[in-house]
Structure formats: C-alpha cells, structure tokens
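Open the model in your viewer and keep the selection tool at hand.

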Amino acid sequence: MSSPQPDPQLSQPQAAQHHPRHVAAQHPPAAQLAATQTVWSGAPVASGSGTGFVFAVIGIVLGAALLLLVIGYFMASFGAGAVVISALVALLPLLGVLFAVRWIDRWEPEPRFALAFALLWGAGVAVAIALLVDLVVQIAFAIGGGEANAASEALSVAVQAPIVEEIAKGLGVLLLVWIARKSFDGPVDGLVYAAVVAAGFAFTENILYFGEALIEGGTADLGGTFVMRGIFSPFAHVMFTACTGIAIGFGVTRTRGAGILGYFAIGLVFAIGLHALWNGSLLVVTDFFGYYFLVQVPLFAFAIVLVVLLRRAEQRATRVRLQEYADAGWFADGEVQMLATSNGRRAARRWARTLPGEKSAAMKQLTADATRLALVRQRILSGRGGLETLGEERALLDAITRDRAAMLAPTGPAF
C-alpha cells in the first residue's frame, strides 16, 4: 500500500495556506506510515513552561495557606464541628461542578498543576481578598460614623460583592495566561479555568453560608440553604466568572502581552453585571421560583448552549489543523477521523484495548499529542508562535512518531 510522503517544502510561504509551515522534525519513515495506515484501517470509526510551573506551585501554596487561614476564621466564628459539617456538605456541589468541568475539558485536558492553581486561587486567595475588602469597608464605614441598615446591606450585596469577587476570581484566570501559556489556547480553556476558580470560591463561600445557617437555625436552615445554593444555583459563580474566562480565551487567540488586559476588562464587565443582576434580584424579587424559572433557568440554558458550541468549534479546529498535516504526509488515511472526532476517539479506545499488550495508554498519549499539535499549529497560523512554538511543534511531531511506534509494537511500549 502506498503512503503519502511528508512535504519537504513545508517551510516555504506558498505552502502556508495548505500545509503546516516550519515543520522541522524528522520525517516519519514511509514504511512505518504505510504500516500505520493498514493498522488504522482495522479500527471501526463511528504542559506548562518551567517558570510557569514554579509560579503555579507558589500560587498553590499561597492558596492553600489562605484557605486554611479562612477556615480557621470560620472555626473561630462557628466552631470546629459546624465548619466540618458545612465543609462536607459544601463538597457535594463542588464535586458536581468539577464533574461538569471535566466533561467540558475532556477534548484537550488542561494540565493538573494549572487546575490545582485555579481551584486554590478561588478557594483561598479570591475568598481572602473578598473578606479583606469587606472588613476594610466595614471599618471605614464605622469610622465614618455610619450604621448598618438595609440600604448599606443591599449596596454590599448588589454592588460591592459582584465587583470585588469577580475581580478577585478573574485575576486568577488572567495569571493562568502566563502560568499555563502553552496550554491556554482559546475560549474553552478560559471557560475551564474560570469554572474551576469559581468552583473553589463557591466551595469556601458555601462553608460560610452553611455554617451561619447551621448555627442560627440548625439542620432545618442548613437544609434550606443547601437547596438554594447547592441544588438551585451550584453553577452561579461559574456562569459569572465564565464571562471573564471566555473573553480572556478569545483574547489569547488574537493578541499578545498587555493586549490581553482589554479582553480581561470586557469579560469583567459582563461577569460583574451578571453577578449584580443575580444578587440584586434576590433582594427585590417577591416570587423567587417564578423569577428563577423565567430568568435564571434561561440564562443557564444559554450557558449550556454556549459551552456546546465552543466545544464543537474546538473539535472542528482540531480536525482542520490535523487534516493539513495529513495533506502534508504526517498522518495516514483514517487517522484524522480517529483523532479529531468524538466517535473516532471512542472507537479507537475500544479498539486499542483489543490489541496485544492492551494499547489504551499509547492511544491516549497519541490522541493527546495530536490534539496538542493541532493547537500549536493554530497558534502558529494566528501569528502568536515564535521560535519556542516552532520547537514545540518539532517535539510534538517527534512524539507522535514515537506514539505511533508504540501503537505498532507487538507487546506495547517499552519502558
């Protein structure tokens, strides 16, 4: 069976519209590619930089330390028992949100260190910022001779909280543009990071609200508060901060350096506005359930549709970019379908489990490297790729050659 040869002129400008440019990795052996093409025909088809990782570790440690400090503050207010119970209850909506985020992120999973940073930034740093600002405002208000009343409480809930909390959460997503710059490739990544930051924030905030309910009204009030926050609105903070994350995600595909701050500001405007609408409405609404089903449910439905559309756009981009490599001879017939479609990936995983040596791990690695390659290619075409990106492309093409060899090995990859 004949196989296409990699285009030796890929670095020429005239090939830019149809073939990957600057592909400098060693060309895959023709015999291996031909053998791979035969193997694939049997399949039924229906990381961050060193500096970024260091900053992520610093952020994780800081976030964990501040989370413990906040938990200690809660214990001083409610007692250790109430905080432990509240934390266990708060884990339920947190796990539900993280499960949903995992579904969104499964096409091109983000690095774990970046997700850990996002979670602890939200749970520790962002909450600490919000509490500190609230304390400063209260002290300033008391020094000014003001007295707490319904108007000041409403101002705090509908204005102060949305502004402070969304800025605090959004800063975490913004930092990830540099911390995880090799993995932050578009709006879906921005959505994922924002959702994890928001999930961490909501977890700690829920401990506060659940603890207050438990102390003031016992298990009955705790149950009612859980229904409101854990069942009716577990994704509220996610929807707010997702505005910032998606905006930043679009920004990383269109600009570099300080230019991302403009997209950050645009996202914040929408995040703060949606948060203020949510909090403000709870102060004036008389028929909560009517408002919830007429306003909040449609907003949530719109968010779901947006997520689905963004994921499909990411999948289409992956397929287009990998097809360009296939046209240049880097992939055999059928590989693009296998690596760049949901049905193809599911069938490939099933098929890999039937191969000698059980090649699931090798198939997973090949899929991850191919997806990463498509995103790197997208970065190059958008003008955001420098010499470092070209080196990453070379490394990924070499890695895919090794992945392919591992898939063809009779007893699995050698270690």
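Read along the sequence, the pattern is α-α-α-α-α-α-α-α-α-α-α-α-α, which comes to 13 helices and zero strands; helices (H or I, at least four residues) and strands (E, at least two) are DSSP runs, numbered from the N terminus. This is a predicted model, in which local features need pLDDT of at least 70 and side-chain atom pairs count only at pLDDT 80 or more, while totals for chains, interfaces and linings use all residues. Residues are numbered from 1 along each chain as its sequence is written, and side-chain values use heavy atoms, with hydrogens and water left out.

Colour by burial next. Of the 415 residues, 48% are buried (under 20% relative accessible area, 1.4 Å probe, protein chains only; exposed is over 50%, partly exposed in between).

Now select Phe74, Val173, Leu176, Phe184, Tyr193, Ile207 and Ile248. These have the most contacts inside the largest nonpolar core, a set of 62 residues (buried Ala, Val, Leu, Ile, Met, Phe, Trp, Tyr and Cys joined through side-chain atoms within 4.5 Å). The largest share of this core, 17 residues, comes from α6. Apart from it lies another core of 27 residues, including Trp351 and Leu396.

Finally, select Met75, Val84, Leu88, Leu91 and Leu95, which make a nonpolar surface patch of about 440 Å². Helix α3 (residues 80–105) gives the most to the patch, with four residues. Leu95 is found in helix α3 and is exposed, with a relative accessible area of 52%.

Note on methods
Patches are made of residues with over 30% relative accessible area and no salt bridge: like charges are joined within 9 Å, nonpolar side chains (Val, Leu, Ile, Met, Phe, Trp, Tyr) within 5 Å. Accessible areas come from the Shrake-Rupley method with a 1.4 Å probe; for residues, only the protein chains shown count as cover. A salt bridge is a side-chain nitrogen of Lys or Arg within 4 Å of a carboxyl oxygen of Asp or Glu.
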